[in-house]
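Try each task before reading its solution.

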Amino acid sequence: MNIEEIRDYCLAKPYVTEAFPFGEEHMVFRVGDTAAKQGKIFALCSLERPDYFLLKCDPERALELRDRYPEEIEPGWHMNKRCWNGVFLTGLHLTDGDIRGMIDHSYALVAASLPKWQRTELGL
């Protein structure tokens, strides 16, 4: 997958918005309150570095993925290293299915952390 395919995949998910809150070179994907654009972040990438992006991850799964794919997955750069993974798209071992699965996991994890009223309102 490339960054354009990742963008399309993220935006195809329900109640996801794209924003640039950290400047025009940092693309952020949020799930949640789409009207106010105040949802929670589940994926980030820098347009200056399109071969690398960040995903939220369960801490145990994050460690497992880093051990399994040490050349492609690292603790998230400038993020909580326990809960965020940095993913390199230039590796040879991650398949498109693996990447989609990590995006799905990040989305589900963040969507589940939304307040109950918001999950109910969004149908999540």
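Keep in mind throughout that this is a predicted model.

**Exercise 1. Find the side-chain contact at the start of α2, then work out which way the helix faces.**

Solution. Begin at Asp58: one of its side-chain oxygens comes to within 3.2 Å of the backbone nitrogen of Glu60, at the start of α2. Next, look for buried positions along α2, which spans residues 59-68; these are Ala62, Leu65 and Arg66. Viewed down the axis of α2, the buried residues fall within an arc of 100°, so they line one face of the helix. Now turn to the face pointing away from that buried side, where you will find the exposed residues Glu60, Leu63, Asp67 and Arg68. Finally, ask what covers the buried residues of α2: the cover includes β5 (73-75), β6 (84-88) and α3 (96-112).

**Exercise 2. Search the whole structure for aromatic pairs and describe the geometry of each.**

Solution. The search gives two pairs. Phe42 belongs to strand β3 (residues 40-46) and Tyr107 to helix α3, so the pair links distant parts of the chain, 65 residues apart. Phe42 and Tyr107 are both buried.

Move on to Tyr52 and Phe88, with 4.7 Å from centre to centre and 55° between the planes, which makes a tilted pair. Tyr52 is in strand β4 (residues 52-56) and Phe88 in strand β6, so the pair ties together parts that are 36 residues apart in sequence. Check the burial too: Tyr52 and Phe88 are both buried.

**Exercise 3. Which charged end sits over the ring of Tyr107?**

Solution. The charged end of Lys13 sits over the Tyr107 ring, 5.2 Å from its centre. A second example involves Arg100, whose charged end sits over the ring of Tyr9 at 6.0 Å from the centre.

**Exercise 4. Compare the span of α3 with the expected value, then list its buried residues.**

Solution. Count the residues of α3: there are 17. From first C-alpha to last, α3 reaches 24 Å, close to the 24 Å expected at 1.5 Å a residue. For burial, go along the helix and pick out Ile99, Met102, Ile103, His105, Ser106, Tyr107, Val110 and Ala111.

Definitions and conventions. Residues numbered from 1 in each chain as written. Predicted model: local features only at pLDDT ≥ 70, side-chain atom pairs only at ≥ 80, totals over all residues. Heavy atoms only, no water. Buried < 20%, exposed > 50% of the residue type's maximum accessible area, 1.4 Å probe, protein only. Helix = DSSP H or I, 4+ residues; strand = E, 2+ residues; numbered from the N terminus. Arc of directions from axis to C-beta. Contact = heavy atoms within 4.5 Å. Polar contact = N/O pair within 3.5 Å; in protein donor to acceptor, adjacent residues only side chain to side chain. Phe/Tyr/Trp six-rings, centres within 6.5 Å; stacked < 30°, edge-to-face > 60°. Lys NZ or Arg CZ within 6 Å of the ring centre and 35° of its normal. Expected span 1.5 Å × (residues − 1).
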